[in-house]
Each structure stands twice: as C-alpha cells, then as structure tokens.
Amino acid sequence: QELVMLSRTGGGAELIEDPVAQISSVRMKVSRPERKGTDTEKKANERITTMLNEIWIPLIQRRSPNPIYAFNKNQFLRGEAWLQVIHNEKWVVKNPKGYLEREGLPVVFLVREPMTIYASPNENEEGIPEHVYIYYQRLPTNVKAMYPSWTNPLAKNPLSKEKEKKFVDWVEYWSKDKWFCEADGEIVRDQPNLYGLPPFIHKVSGWGTDSPDGAPEDKAVGRLRKYRDLLKRECAITSDVDSQYHLYANKNLWAQPVDDLHKIPENFRQAFTLAAGHVNEIPAGINFGFLETDVPDREALNYLLTIKGELGRKMPGAMSGDLLGGSGRLQDIGYGIAIKKFEQQIQNTRYAFESAFQMALCDLEIIPKLMPDEIHDDDIKGDYRITLELKGDDPLENERLSTRGSRQWQAGEIDLETNLTRFQGFSSEEARRIKKDIMVERIMFSPTSPFAQIIAMWLAQELGMEEQLKAMQAMGTPLATMGEETSPTKMKRGQGE
C-alpha cells in the first residue's frame, strides 16, 4: 500500500474561478457621443445604440461560454486575452422554403485561446498587432463544413483514436493586406484583407512587466505564477495529512510464521480481504495483525491551517460570497476593496469590447450587404466612436444611486434624462422614451387637460352617472380630480418622500 496519497486541493482553481465569476457578472451598455447635436445625428445615434443594446448585446451574452467570462478567465489563467471580430459569412441563409433570411449577428465576437496565437509585438493603442499567426488543430468535419472544396489530402478521420490521424493542422495568417488559411498544407483561403488591419484585440493581465529584451513570457503573466510556490506547499502538506488519515483508516496487514516449518502461502495477500461480511481462512501456524498508525499531530494540522490562511488572503472572502458580518455597509466596503484588486483586468475587458464594437461598426460599412435593417445606410458615416459601460448588478449600490438621483432631480440639480441614465441605469434611448411617456401622462391626466375631461365624461356615461357628473360640473369641481387621493401620503409622495 502506498505511503503517500496525492490530494488535489483545488486552490489554484479558486484563485481563478472566484474573481472571474464576480467581475464577469456585469451588464454591457453602449452609448454614442454626439458631434454636432443635430436632430438627424441624434436619431442616427439612437438607432445604432438601440440595435447594439437591445439586439446585439443580448445575443452576445447568450452565447456559452459567455465571451466576457472567457476573456476574463484568459487574463487570469494565461496572463493575456485575445478577442477577434469578424463578419459572419453565414449571416444570410436560405430557410426551408427557399427564401433568404438573416440569422444571428452580422459580426461575430470570438475569444481566442492565447496559446495558439503568435503575433507581432508591435501593437497600437487599442492592442491591435501588425501581424497575427495562428496554429492549432481542428476536426476535418469542421474544416469541410467551412470549406467544401477542401480535399482532406492526408485523409484525416475524426473517428480515429490516434491524434495524428484525427486532427487537421490549421494555419491562419493575418496582416493589414492579407488573409491566408491552410489545412494540412492545402490552401483554402488566400485573399486581400477587407478590414484593412488584423481583426484582433490583445490585452495583457497587468501582473507582468516589460523586460528589456521584450520577452512575451515576462509581460503575459497569469495569476497562478505569483502563488505557485504557495500552492505547491499546500498540496504537499495536504497530501501528507490525507495519507496519514488514509493509513489510519486502512491499516496495513502483517503476517509471520510461528516457526520454520510453516510458510506463508504465496496467494495469502491476494486472498485476504477486509470486505464486509467476508470470512478469511488463516493457514495454521501463521500469526497476523495490523500495523498501528497515528492520525496527524497538532503541529502538522496547524501548519496546514497556516498555509490555507495565507492562501485565503490571496482570495478575498467577499469574492467567494462569504459574509463579513456587521452591517451591509461593512459588507459593501469589503467587497469594494476586494474588487479594486482587479480594476486593471476589468478595464482591459471594457476597452477590448469597446474597440470590438467599433470594429463591428466599421465592418458594417466595409463589407457589402452587411448593414442590418435596424439602422440606415447613412447612420454611421465613418464615425465608429462608442462608449461601453460594464456594470455589475449590485442591489445595494443601485438603490443608493437611485435614491441620490431622485433627490437631485427633485431639487432641480439635474435634469430628468441625467437622472435616468446616470443614476437609474437606463440607456439614452430608454430615457428619451420614458420622458415622452411622462409627458403624455401629465397631459392626459392634468386637471386642466381636455383629455382628462373627455375621459371623465366617458367613464360617467359608462357607469350611468351622468346626473352626478352634471351636478359636479355645476359646482365647478374639475373632472380630473374625481376620486383623487388627498391624504398625507399623497402629499408626501408629491414631495418625493
């Protein structure tokens, strides 16, 4: 029986999964800055932001895995993350009746595996490199589906058990002028790059540094590299403690002949079993017993707890959902301090997807027949600027912002649209629709509004109260105040309390 049993503690997974899950639970909201402020520009911006916020973003976040989660996880695990923006060549398809229809998005957002990308170190401010070389293995069925003319020159079979005969070597190259692809040495695409630049956005985690020789391994540093020695110590001592408990529960058997005339049978070890209800036959002249082992002593357990405590400080309890105790304010402070540790990675994700949406708007103008029906052909006009906001769903923080915005609006310090967009969480187009609805309601139900008079007369006729209506009109009572609440609650509500 082995003296050491390997125990995988999962500490490394917690260092990655817990913070990634927290910072990925966000809502994306796109806004578009105005240039001239004309009505034509405002309507164009509203159509673009409505398309992005109400159609594109829900479809993007519906994908599994979530692109934001995958991008963040690559930052924490690999130390870098890649996002590719490419037009959807299968956006327009034929339905079963033979008519052309559009499915999904005209532009696809792909989170690439950093271990398969070899790119030029020269990047612009948005993280777009000059050259990108990609190498990985794909199933031949996937390549055949994308490129029906591919001949599968090496006769790869997806059902083969040998990896060399199962997967296709896929090579892809991008520059500002060229897009090249080959599968198992056969060229399947060689065309000019319509985008004018490699459609990739690169972000590094921020835990590394630029070295004098420009080594990428010094710049792309994952979170585990910082705590590798601590994780090894945790796994080692945990395995030792588990091994002692394992030996204590499953004691080793010893056997010894009483004299030289007796011998231990060759199959004695295999035949002897500790299964429940089983009867073992012991040969005559053989003594046997169990080796006594002790459980781990106090010093070993304290050392294990010390290491786990040190590792726990690298994983804030608020990020794991642990309660800090005390008031909700204390809980918010603890979570705020914990989330600040990953501010760089959060901003990386925001800027990457902001640049990706800008690329997507550019693709809509460059690629023929890619413009969606939701916007007009002249809405973009070469202006690809957008602002992306990534905001987590924090009920306590949302309530505080909402109360603050309502008070400032009632005090006349901000306008209604600012209150709705900055403090209530609505987009610009949603705020404009709410403003219109509020104006309509005020006109409809104002005591001096003719619409309110008409509604009151119609209700009186439907309820058979024409005589009471005439009597109230004779007394000079406004029709719109019939049944209106005038209690202190009503008065306080009017004051915004």
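Tutor: A polar atom in the side chain of Asn 124 lies 3.1 Å from the backbone nitrogen of Glu 126. That is a polar contact (a pair of N or O atoms within 3.5 Å; within protein, one must be able to donate a hydrogen and the other to accept it, and residues adjacent in sequence count only if both atoms are side-chain atoms). The model is predicted, so local features need pLDDT of at least 70 and side-chain atom pairs need 80 or more, while totals for chains, interfaces and linings use all residues. Residues are numbered from 1 along each chain as its sequence is written, and side-chain values use heavy atoms, with hydrogens and water left out.

Asn 124 sits in the loop between E6 and strand E7 (132-138). Strands (E, at least two residues) and helices (H or I, at least four) are DSSP runs, numbered from the N terminus. Asn 124 counts as partly exposed because its relative accessibility is 36%. The cut-offs are under 20% for buried and over 50% for exposed, with partly exposed in between (1.4 Å probe, protein chains only). His 202 is 78 residues away from Asn 124 in sequence, yet 9.9 Å away in space, C-alpha to C-alpha.

Now the open space. The largest pocket has a volume of about 1000 Å³. A pocket is an open set of points on a 1 Å grid over the protein atoms alone, with protein on both sides within 12 Å along at least five of seven lines; lining residues have an atom within 4 Å of a point. Points are joined across faces, edges and corners, and the volume is the space filled by probe spheres set on them. Of the 39 lining residues, the closest to the pocket's centre are Arg 78, Glu 80, Pro 216, Lys 219 and Ala 220. Strand E6 (117-119) is among the elements that give two or more residues to this lining. H1 gives the most, with 4 residues.

Next, the packing. The largest nonpolar core has 53 residues. Such a core is a set of buried Ala, Val, Leu, Ile, Met, Phe, Trp, Tyr and Cys residues joined through side-chain atoms within 4.5 Å. Helix H12 (residues 343-366) supplies the largest share, 8 residues. Trp 56 is among those with the most contacts inside this core. Leaving out residues up to four places away in sequence, Trp 56 touches (heavy atoms within 4.5 Å) Phe 109, Phe 357 and Leu 364, among others. A second, separate core of 10 residues includes Leu 15 and Leu 304.

Notes: 1 Å grid on protein atoms, 1.4 Å probe; cavity = no way out; pocket = protein on both sides within 12 Å on 5 of 7 lines; lining within 4 Å.
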